[in-house]
Amino acid sequence: MATIRSKGNKDTELKLVSILRTHRITGWRRHCRLPGKPDFVFRRGRVAVFVDGCFWHGCRWHCRMPKSRQSFWMPKISRNRARDREVGRLLRERGWRVLRIWEHSLREPYRVARRIEAMLASFEILG
């Protein structure tokens, strides 16, 4: 597990920035002070976007649990998933819509852009 370093999700965030710019999706901000620290926020539409890493958030298709220290990693990933659910619940209670994008889905930029546009368009936010 020495190869896994917690350095934030800068690469995935930058990939989503690229997707947003390529598809001319505007109105987003980063680093807004909201519960759970969403990666991107569309304030006007009250949409919070999280880009979840497959390992750290327990993707059912791509999260390969380490063979060593399973007594540490399994509860750690479970806590992360529970925290994600709690943050989503809290934001929805405050009137925000939450969109979670898996790291692996960034390989299909068009689909990611369509998901974001659909969420924004469903509330007549795209201009």
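Setting aside neighbours within four places in sequence, cysteine 32 is in contact with Pro38, Val41 and Arg43. Contact means heavy atoms within 4.5 Å. This is a predicted model, in which local features need pLDDT of at least 70, side-chain atom pairs count only at pLDDT 80 or more, and totals for chains, interfaces and linings use all residues. Residues are numbered from 1 along each chain as its sequence is written, and side-chain values use heavy atoms, with hydrogens and water left out.

Cysteine 32 sits in the loop between helix H1 (10–22) and strand E1 (40–42). Helices (H or I, at least four residues) and strands (E, at least two) are DSSP runs, numbered from the N terminus. Cysteine 32 has 15% relative accessibility, so this residue counts as buried. Buried means under 20% relative accessible area, exposed over 50%, and partly exposed in between (1.4 Å probe, protein chains only). Arginine 43 is 11 residues away from cysteine 32 in sequence. In space, their C-alpha atoms are 9.3 Å apart.

Now the charged pairs. Side chains of opposite charge can pair when their charged atoms come close. A salt bridge is a side-chain nitrogen of Lys or Arg within 4 Å of a carboxyl oxygen of Asp or Glu. By this rule the count comes to seven salt bridges. The table gives some of them.

| Pair | N to O distance |
|---|---|
| Arginine 30 and glutamate 13 | 2.5 Å |
| Aspartate 84 and arginine 100 | 3.9 Å |
| Arginine 114 and glutamate 117 | 2.0 Å |

Take arginine 30 and glutamate 13, joined by a salt bridge. This pair links distant parts of the chain, 17 residues apart. Arginine 30 is in the loop between H1 and E1, and glutamate 13 is in helix H1. Arginine 30 is partly exposed at 27% relative accessibility. Glutamate 13 is buried at 9%.

Next come aspartate 84 and arginine 100, whose side chains meet in a salt bridge. Aspartate 84 lies in helix H2 (residues 70–93) and arginine 100 in strand E3 (residues 97–102), so their pairing ties together parts 16 residues apart in sequence. Aspartate 84 is buried, with a relative accessible area of 10%. Arginine 100 is partly exposed, at 22%. A network of salt bridges links Asp52, Asp84 and Arg100.

Arginine 114 and glutamate 117 both belong to helix H3 (residues 109–121). They are three residues apart there, which means a separation of about one helical turn. Arginine 114 is partly exposed at 31% relative accessibility, whereas glutamate 117 is buried at 18%.
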